[in-house]
Amino acid sequence: GFVVLTDSWDPDWRASVDGRSAPILPANGYQRAVWVEPGEARVEMSYWPEGLSLGLAGSALSGFGLLLWAGLGRRPHTS
């Protein structure tokens, strides 16, 4: 049957059932559902928004730039 989660459906959700990728379907107009065979199963959900990778990369580059800028400002000046 279907396992229905009562939070909002979004296309950025990913699911696996017993370690295998499984499609997530919209349920009841706004929730999400995953098909699970009868018996015991492990259902895992993960959420990775489309722009998250780009945002993380931008943040890492900004942090590195800030550390580099701060390091260059502390060099001893020789006259």
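This is a predicted model: local features need pLDDT of at least 70, side-chain atom pairs count only at pLDDT 80 or more; totals for chains, interfaces and linings use all residues.
Biologist: How many strands and helices does that make?

Modeller: The protein chain has six strands and one helix.

Biologist: What is the radius of gyration of the protein chain, and what would a compact globule of 79 residues have?

Modeller: The protein chain has a radius of gyration of 22 Å, whereas a compact globule of 79 residues would have one near 12 Å. The C-alpha trace spans about 80 × 25 × 15 Å along its principal axes.

Biologist: What share of the residues counts as buried?

Modeller: Of the 79 residues, 16% count as buried. The chain exposes about 6,500 Å², and carbon and sulfur atoms supply 61% of that area.

Biologist: Turning to Tyr 47, where is it placed?

Modeller: Tyr 47 lies in strand 6, which covers residues 43–47.

Biologist: Why does Tyr 47 count as partly exposed?

Modeller: Tyr 47 counts as partly exposed because its relative accessibility is 38%, and that class lies between the 20% and 50% cut-offs.

Biologist: Which residues does Tyr 47 touch, leaving out those up to four places away in sequence?

Modeller: Tyr 47 touches Asp 10, Asp 12 and Trp 13.

Biologist: And what separates Tyr 47 from Leu 61?

Modeller: Their C-alpha atoms are separated by 23 Å, with the two residues 14 apart along the chain.

Biologist: Last topic, charges: how far apart are the mean positions of the positive and negative ones?

Modeller: The mean positions of the 6 positive and 8 negative charges are 16 Å apart.

Notes. Residues are numbered from 1 along each chain as its sequence is written. Side-chain values use heavy atoms; hydrogens and water are left out. Helices (H or I, at least four residues) and strands (E, at least two) are DSSP runs, numbered from the N terminus. The radius of gyration is taken over C-alpha atoms; the globule rule is 2.2 Å times the number of residues to the power 0.38. Buried means under 20% relative accessible area, exposed over 50%, partly exposed in between (1.4 Å probe, protein chains only). Accessible areas come from the Shrake-Rupley method with a 1.4 Å probe; for residues, only the protein chains shown count as cover. Lys and Arg count as positive and Asp and Glu as negative; His and the chain ends are not counted. The place of a charge is taken as NZ of Lys, CZ of Arg, CG of Asp or CD of Glu. Contact means heavy atoms within 4.5 Å.
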